[in-house]
Amino acid sequence: MTEHTNPTAKLEIDGKTYELPIIEGTQGDRAIDVRALRQNTGLVTYDPSYGNTGSCTSNITYINGDKGTLWYRGYSIDDLAEHCTFLDVAYLLVHGFLPNRKERANFSQLMNTHSMLHEDMRHFFNLFPEHAHPMAMLSAMVVTLSTFYPEMVANPDESIDITVTRLLSKIRTIAAFAYKKMKGHPIVYPRKDLSYCANFLNMMFWTPVNDYKPDPVIVKALNQLLILQADHEQNCSSTVVKAVGSSGANLYASISAGVSALWGPLHGGANQAVIEMLESILSDPTLTVQKVIERAKDKDDPFRLFGFGHRVYRTYDPRAKIAKKICHTIMTHLGVKDSLLDIAQELEAAALADPYFQQRHLYPNVDFYTGLSYRAIGIPTNMFTVLFAIGRLPGWIAQWLEMRDGTEHRIYRPRQIYVGPDQRKLDKNWIQ
Ligand code: SDX
């Protein structure tokens with residue numbers, strides 16, 4: 001980060017001029033540094049939902065919303081999705097560099113060694129009601145890991161590496177166990193001979209009566225889908241993970257909070273909402289693509305076109321482009337014909353041609369096509385956001401570590417502008 005001695009931003013308040021430093025990132029993004037604003041002027045900034053507020057400087061992920069580019073630690077998402085495994089990208093995000101052959105083998109071995117859950121955790125799954133949403137189970141079981149591995153609470157600095165390893169490895173097992181609970185099937189343990197994603201697919205789909213074998217094409221596609229979702233700088237759930245961690249709470253508790261934030265349909269839950277939206281069009285003959293577009297444009301209708309729009313991208317989300325290709329690859333390979341894909345492509349074309357969407361720079365985002373791929377693989381709709389969480393975990397961890405180790409680390413505590421009642425006396429007889 002370069003801090004220019006000039007230019008600065010000049011602010012005039014009540015006839016007095018204040019100069020605020022302008023900081024600039026390595027790719028030219030600039031910010032007004034307001035860290036001394038309140039101390040010097042007595043005023044705070046006002047930016048609900050933080051649309052104009054930089055919460056930190058970061059070395060991890062760079063998004064250019066105008067060009068539609070995305071880099072993890074300087075590598076483009078296209079290169080990473082094409083040439084790396086998800087574990088390579090998880091290592092890159094957490095450590096800051098891609099693993100060499102030895103580091104990659106060691107990391108993969110660690111993932112296998114720590115892939116099991118404590119046997120007592122199995123019983124927790126039986127206590128959830130059968131209709132329990134897997135995101136609720138995931139959030140609950142992640143924070144429960146802190147009770148089985150209390151060292152992260154007692155000695156956070158010494159145990160951070162093993163905690164990162166346990167989280168990255170065990171999130172798959174928790175997700176698969178949650179799925180088996182919903183299906184009423186016996187749980188399937190991880191195997192030492194399978195890679196990260198193949199192990200997850202095996203835990204999901206193997207049963208005593210079907211000798212499921214992970215398909216290499218599907219394993220590669222899952223690696224790519226998880227890579228697409230691995231980090232996205234200061235999004236809602238990453239901000240929550242960092243806010244919880246900023247209080248000194250342990251990494252398990254921070255990640256559990258991030259899972260809950262991701263669940264919302266405006267965030268990671270959109271991949272489930274996209275499929276439900278497409279299914280409603282398929283099942284209701286009166287609900288045409290054009291009618292859905294009109295509803296999305298209607299200010300009096302809270303409905304939004306799920307999988308469309310983004311706070312940062314003003315053009316096509318680069319992840320959506322790759323996800324669309326992956327979707328076609330999976331369906332072609334499996335010989336799947338999904339009418340929802342036809343509807344999705346029709347909806348995309350209609351929205352992109354509509355001035356409302358064009359004027360607001362609304363394009364497909366990462367969630368528009370990922371759900372269709374998961375559906376083709378056989379993953380149920382309510383598990384899609386769980387898959388997003390598995391993908392996003394290394395990004396959450398990297399962001400949490402950068403917050404914890406960074407020089408900017410202070411507890412998150414925004415200010416406000418109070419617009420409530422003036423002070424008033426309490427009438428002793430207020431209860432009649
Ligand atoms: C993710 O932050 C991240 O990086 C998130 C993410 C990640 O990897 O972490 O990329 C993952 O969460 C992707 C987004 C998934 N959500 C959806 O697909 C839900 C549908 N999208 C919208 O709800 C919306 O686009 C958001 C939530 C994604 C962004 O909302 P913003 O930035 O607050 O935008 P906005 O609501 O201020 O919209 C600006 C205008 C408004 O119209 P006007 O008031 O200017 O007339 O665009 C309209 C909105 O009504 N608009 C939409 C729309 N998205 C925005 N209108 C219809 N359908 C939509 N999808």
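**Exercise 1. Which residue lies over the face of Y196, and at what distance from the ring centre?**

Solution. The residue is R172, placed 4.1 Å from the ring centre of Y196. The criterion is that NZ of Lys or CZ of Arg is within 6 Å of the ring centre and within 35 degrees of the ring normal.

The model is predicted, so local features need pLDDT of at least 70 and side-chain atom pairs count only at pLDDT 80 or more, while totals for chains, interfaces and linings use all residues. Residues are numbered from 1 along each chain as its sequence is written, and side-chain values use heavy atoms, with hydrogens and water left out.

**Exercise 2. Determine the strand order of the open sheet and identify its edge strands.**

Solution. Step 1: strands are DSSP runs of E with at least two residues, and helices are runs of H or I with at least four, both numbered from the N terminus. Two strands pair if DSSP finds at least two bridges between them.

Step 1: the sheet has 3 strands in the order β4-β5-β6, with antiparallel pairing. Its edges are β4 (61-64) and β6 (75-76), each of which pairs on one side only.

Step 2: β5 (residues 69-72) is joined to β6 by 2 bridges in the antiparallel sense. For W71, the bridge partner in β6 is S76.

**Exercise 3. Classify the aromatic pair of Y91 and F107 and describe its setting.**

Solution. Step 1: rings of Phe, Tyr and Trp (its six-membered ring) pair if their centres lie within 6.5 Å; planes under 30 degrees apart are stacked, over 60 edge-to-face, and the rest tilted. The structure holds 16 such pairs.

Step 1: Y91 and F107 are 5.2 Å apart centre to centre, with 80° between the planes, and are therefore edge-to-face.

Step 2: the pair links helix α3 (residues 86-95), which holds Y91, to helix α4 (residues 101-113), which holds F107; the two residues are 16 residues apart. Y91 is buried at 9% relative accessibility, and F107 is buried at 7%.

Methods
Buried means under 20% relative accessible area, exposed over 50%, partly exposed in between (1.4 Å probe, protein chains only).
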